[in-house]
Amino acid sequence: MPANRYQNRIELLQGTLDMLILQTLQWGPQHGYGIGNVIRAHSGDLLHVETGSLYPALHRLEKQGWLKSEWRLTDTNQRAKYYRLTPAGKRQLASERSRWSQMVEAITGVLNPASEVGWS
Amino acid sequence: MSLLRPWSKRRVREEDFDEEISSHLQMAARDKVDRSDSKEEAQYSARREFGNAGLIKEVTREIWGWTSFERLGQDLRYAARLLGKSPGFTAIAVLSIALGIGANTAIFSLIDAVLLKALPVRNSNELVAIGDTTRVGSVSEGSGRTDLFSYPFYERFRERNRVFSDVYASGRSEYLEILPAGGRPSSEVQGGKLRGRFVTGNYFSVLGVPALIGRTFDEQEVHVEGGAPVVVISYACWNRRFARNPAVVGQRISVNGSIFTIIGVMPPEFFGDIVGVPMDVWFPITMQAQANPGHNYLKDTRVSWLMLMGRLKPGVSQARAAAAVRDLAPQIFTELYSSSMGGEDLRRLRQETIQVSSGAKGFSRLRHELSLPLIALMGIVLLVLLICCANVANLQLARATSRSREMSLRLAVGAGQARLVRQLLTESLALSFLGGGAGLLFAQWGSHLLLGFISRSDQTPVDVHLDAAVLLFTAAVSIIAGLLFGLAPALQTTCSDLVSSLKDSKSGQSHGFAQSFGKALIVSQIVFSLTLLVGAGLFIRTLRNLENMDVGYTREGLLLAEVDFKTAGYKDNQVNQLARQVIERLQNLPGVRSATVSENGLFSGTDSETDAEVEGYAYRSKEDKLNGYDRVGPNYFETVGTPVILGRGIGPQDTETAPKVAVINEKMARFYFRQVNPLGRHIFEGDGKDRTAVSIVGVVRDAKQRDLREPVPRRFYKAYLQHRDEIETMNFEIRTRIESSALSNSVRGAIKNVDPKLPITSLKPAAVLIDETLDQEKLVAKLSSFFGLLALVLAAIGLYGVMSYLTVRRTAEIGIRMALGAERSGILGMVMADTLRLLMLGLVVGILAACSLGKLFSKALFGLSAFDPLTIVSAALVIVVAGVTAAFLPAWRASRIEPTLALRHE
């Protein structure tokens with residue numbers, strides 16, 4: 001059973017989780033459970049964020065000053081801890097996104113050497 | 001409060017995170033219920049998907065980070081757990097450190113009190129002492145001096161100096177008999193002897209100390225000679241004599257027969273300006289003649305007895321003040337002494353440099369006498385502390401060996417090396433502070449014990465208590481000690497090769513240095529303690545020899561009373577009459593067998609010597625004429641218990657009008673007469689028309705009167721009634737039928753009945769007086785035994801540590817030996833044989849060291865040589881017993897090793 005479940009999942013690259021969390025929060029404050037769900041939904045159920053990575057990451061980002069947290073009620077009247085982006089978090093997201101696209105370009109370049117001419 | 005904040009903040013954060021997790025789980029479960037799972041199943045699967053909550057919490061907590069305080073707390077809790085797990089190790093280590101730190105703190109608190117502390121007065125750094133600060137109890141009659149000053153000098157100096165805002169003077173008092181005014185003289189005096197000092201009226205204002213209750217002297221009031229019979233008393237005196245009764249101000253007391261009124265009590269911390277001699281009563285200097293009848297130094301330029309202390313004017317340096325003093329003093333010397341001193345002497349006096357030094361720490365003879373011994377003691381106890389540290393380091397090495405696998409494991413799973421070193425150091429510091437705390441208690445007891453050694457009186461000469469300086473010192477020593485004995489084992493443990501120690505470090509050669517270091521340490525400790533024990537043994541035996549010496553009379557049941565006739569105002573012939581009356585009264589007391597009188601008494605501190613020519617002796621040198629003498633009353637020898645060998649003693653028949661007689665001691669008889677019969681021969685004293693002759697009527701046994709160690713000098717005894725030398729004090733010898741100290745009250749009463757004004761300056765059994773001359777021998781014997789035992793305990797602890805270490809490291813070897821058929825007793829014997837080898841090496845070196853050191857202090861010994869087999873053998877035996885006891889536990893443990901376990905352990 002477990003083997004099947006992991007079949008169509010992709011391991012997150014080191015460091016990308018932070019970017020995904022920051023990106024998810026760009027649309028508004030969200031709690032930890034919600035962030036996990038959003039990432040899964042937006043990745044077409046490919047990216048499952050382990051709670052064991054999610055919560056340390058959230059606390060780490062908060063400690064860095066990129067997130068702020070507060071307790072609020074959900075639509076279903078459930079108390080939950082909501083995280084939102086700080087201005088510093090927005091800047092961090094921008095820089096991580098540009099780093100990510102550089103990386104994608106670089107990797108694509110490596111994977112498709114033929115198009116090298118076209119790029120330069 | 002601020003210390004606790006990190007903890008409460010942390011707890012809020014924990015709770016917050018717990019709630020975050022449970023909210024996550026609830027939301028996940030609700031979603032699953034929405035997707036038509038049953039509630040229980042939904043909760044279960046939400047929890048399963050969430051994963052290991054404990055682990056997540058742990059990881060997240062690491063993200064928060066630890067404050068250094070939280071880490072310290074963690075380390076401390078861990079250290080406490082570990083120390084609690086091995087109580088034996090902890091107890092021995094703490095005891096060892098407590099002894100080391102305690103000894104250091106005890107000595108330091110003495111050094112602090114005697115050498116370092118400033119007087120408890122206003123701005124003590126402005127005080128400047130003029131003259132020799134050690135001559136606190138001296139009086140000198142003759143020409144002018146530069147170490148002590150006369151009152152006329154003080155008056156002129158005070159008036160004319162330009163560098164001090166004011167200068168006070170203080171001088172010693174003679175013996176004081178202080179009683180409640182109108183109290184019966186014979187009543188038992190409560191609270192011991194009181195010490196007083198004469199001070200000028202500005203004494204308290206220059207020092208800047210106000211009275212606790214009442215007031216201090218008013219300068220106008222005490223200015224007139226004999227005009228103001230007032231005193232200020234110390235807190236200690238108020239406590240001892242007046243039970244801290246606030247109504248003491250205004251009370252009248254009798255001082256040597258004169259009435260004084262108490263006007264104030266000083267605060268408890270003020271002991272006067274002499275460190276080591278706390279004062280009880282301060283008199284205006286203008287009242288000297290009333291408080292000390294027979295003494296009046298106020299007008300006398302020839303009596304130098306005052307110490308001077310000035311307070312610097314603002315902006316004046318001590319150097320400038322010194323120059324000003326050395327400029328002014330010679331002018332005053334010329335004015336005072338040009339008529340009485342020869343030109344050459346006066347010139348010399350004017351050229352002598354007057355000591356001008358900081359008065360911040362007051363005057364002290366004790367400081368002068370004790371500074372070198374105290375610093376030497378400090379050096380010794382620091383050495384002792386180093387030994388303690390080495391011991392604990394050894395104990396820790398033994399433990400570190402058994403913990404090396406734990407450490408390697410922790411390093412392997414990623415613990416930082418710095419973190420581990422910190423953890424181990426925290427353990428060491430925790431030990432060190434435990435030891436330091438215990439050491440403080442030990443020091444409290446130790447410093448009072450030492451003070452007791454130093455001072456004979458019931459009052460402590462200096463105030464020793466825990467103050468900031470002492471606590472700071474102890475804390476600093478604890479930290480340094482903790483680092484000393486913690487760092488080496490910590491580094492050794494964590495720096496050891498990871499792979500090899502995980503495999504096995506026990507048979508590795510990496511600890512060879514630690515082993516030989518440990519053994520060398522043990523051998524040197526044995527040498528050290530043997531030397532001290534031999535020294536202690538020699539001094540104890542010296543003391544016994546002196547105590548049990550035959551003094552030439554019977555010291556038990558003999559009471560001695562010293563009476564100061566001069567202070568009471570009696571002269572010449574009156575003294576003889578009065579002494580006769582006192583003897584009569586004493587003889588009629590119940591419990592008294594006989595009573596007599598002599599000039600010098602026994603061990604009173606005074607002795608007499610004179611040039612005397614013996615009839616029929618051919619003199620070769622001046623020394624041949626020098627003889628000791630004493631003036632004694634009727635039945636002196638019978639009363640004291642000195643056997644008369646030839647002829648007779650001094651009897652009642654030897655009156656003023658009878659022919660003058662003398663009794664000589666054996667030594668004198670042998671020196672001058674050899675085979676000739678001395679009876680009837682004459683002794684001549686003095687020259688010209690003062691020349692007197694006495695005829696020898698008897699020979700008595702040699703008697704020790706002044707010093708136990710020195711041989712008895714040639715001495716002759718004259719009849720006290722037949723001579724009219726000026727006599728100040730007389731000593732009465734009372735032979736009692738019962739325990740002599742029980743009679744002291746009735747003896748006091750009998751003397752006071754003759755004249756209540758007669759001051760009894762000393763009233764003690766002969767045995768006590770003799771015993772008191774051995775104070776220094778006792779101090780040395782006590783100190784050397786104390787440090788000898790301390791060194792012995794430490795050596796035993798060290799031996800225990802090293803043997804434990806060695807046996808733990810040999811666990812595998814012992815296991816193999818046993819597997820191959822070695823008996824348990826054989827293993828025990830093997831370890832004990834190792835111990836004995838170390839002991840023997842230490843003993844051989846130690847005996848050599850003790851013998852060569854013994855030569856240095858052979859002069860201090862009495863009745864035995866520095867090479868005393870009995871002492872050396874007993875010291876060695878003590879060490880062997882202590883060493884074998886210390887090593888037995890590790891050896892026994894080694895013999896209990898289960899071979900199978902030991903081998904598997906590998």
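How many residues of strand β22 (residues 715-719) of chain B are buried? In this predicted model, local features need pLDDT of at least 70 and side-chain atom pairs count only at pLDDT 80 or more, while totals for chains, interfaces and linings use all residues. Residues are numbered from 1 along each chain as its sequence is written, and chains are lettered from A and ligands numbered from 1 in the order in which they are written.

In β22(B), 5 of the 5 residues are buried, so the strand is largely enclosed by the rest of the structure. Strands here are DSSP runs of E of at least two residues, numbered from the N terminus; a residue is buried if 20 or more other C-beta atoms lie within 10 Å of its own, with C-beta atoms placed from the backbone. B:R715, B:Y717 and B:A719 point one way from β22(B), and B:F716 and B:K718 the other way. Strand β17 (residues 626-632) of chain B runs parallel to β22(B), joined by 5 bridges, with B:R631 opposite B:K718. Strand β19 (residues 661-665) of chain B pairs with β22(B) in the antiparallel sense over 3 bridges, where B:I664 has B:F716 as its bridge partner. Pairing requires at least two bridges found by DSSP between two strands.

How values were computed
A residue is buried if 20 or more other C-beta atoms lie within 10 Å of its own, exposed if 12 or fewer, and partly exposed in between; C-beta atoms are placed from the backbone. Helices (H or I, at least four residues) and strands (E, at least two) are DSSP runs, numbered from the N terminus.
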